[in-house]
Amino acid sequence: MFFASWKRPIWTACLLAATLGWSHVLVAADYENYPVDLKPMEKYPELHQEWTANKAKYADDVMPEPILKRQLEIIESISAKEPAWVDGLWMVADSAFQLGASYTDEKDLPFARSVFVRGQKSAERCIEKKTDHPICALFLGAMIGKIASIDGIFSSLKKAKQVEKLWLSVVNSKYNYRFAEASSLQGSARYALGMFYRLVPDFFLMKWLFDVKGDINKSVKYHRDAIAVDPANACSKIMLAASLLCSVKGDTKDPNGQEGLKHLRDARQMTAKSMVAKACQNDTARLEREPGKACGYETARQQETSEDEFKKQQQANAH
């Protein structure tokens, strides 16, 4: 990741909000750049040098799995030696997310889940130290969400309200932070909410039991917001496509379906600079082939969206 300020003029935000027809103010004022403290890492020059060299070497290329694993090992090692270092805790979660999300094959999901659990524990420790930390809130929600996508959305709905609150708190934060060219704190939060409102089912029983429900229109708008903030992010284009296709139940002749297919084609032409982006791109053919499954689409596994299936699971759990 590189550390750069992210400023967006108010007039640009207002124009985007008007263009997208969004009901809330996309950006009320310039975001402050989150100030990262790297001094604790500098106490360990060899590890710091290796970690920094790996980041620089793969700044414009896909970081391979062995290096992703090594990056997580390095930052976990330093974080364990510096327990008061808040930024180290979210950096562990960031590395865990990058590694875990690179696995999409069914046989690799148990290991991916174990990586996400490591990231979740680190993000939780961060929130315990600083309850309103926006980057830790982003990654805590991301870890819970990724674990839920592996376990199945229906089995994880009791945490949905917590995840929604975490990501909305990031959107309402005064900070932004650029993790990489195609990824920022504010763009990632909007991307995450876009997925959330598509994958969480939209029916009354959900709201009654868990105080949360899906909303495909919110999903589309949050993904449009994410692209406005991070236009170089291939995953954002692909998830917007999924939401557009979902909004018309996979009808590729509908204008929304046509737009969705265009985003899939455009995303394939983008340069993937991370394993996460590569995993998203690899799925474009799956969405094109089965647009009717767009509502439950997730890179880890297809999610169940049927209200009947939800009721069956609730009845089974009750017994």
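This note goes through the disulfides of a predicted model.

1. Residues are numbered from 1 along each chain as its sequence is written, and side-chain values use heavy atoms, with hydrogens and water left out. Because the model is predicted, local features need pLDDT of at least 70 and side-chain atom pairs count only at pLDDT 80 or more, while totals for chains, interfaces and linings use all residues.

2. The structure holds three disulfides, a disulfide being a pair of cysteine sulfur atoms within 2.5 Å. With bonded cysteines counted along the chain, they follow the pattern 1-2, 3-5, 4-6.

3. Cys-126 is joined to Cys-136 with an S to S distance of 1.8 Å, and the link is right-handed, with 75 degrees about the S-S bond. Cys-126 lies in helix H6 (residues 109–129) and Cys-136 in helix H7 (residues 134–151), ten residues apart; helices are DSSP runs (H or I, at least four residues), numbered from the N terminus. Cys-126 is buried at 0% relative accessibility, where buried means under 20% relative accessible area, exposed over 50% and partly exposed in between (1.4 Å probe, protein chains only).

4. The sulfur atoms of Cys-235 and Cys-280 are 2.2 Å apart in a disulfide that connects helix H12 (residues 234–247) with helix H14 (residues 275–282). Cys-235 is buried at 4%, and Cys-280 is buried at 2%.

5. Cys-246 is buried, with a relative accessible area of 11%, whereas Cys-295 is partly exposed at 23%.

Note on methods:
Helix = DSSP H or I, 4+ residues; strand = E, 2+ residues; numbered from the N terminus.
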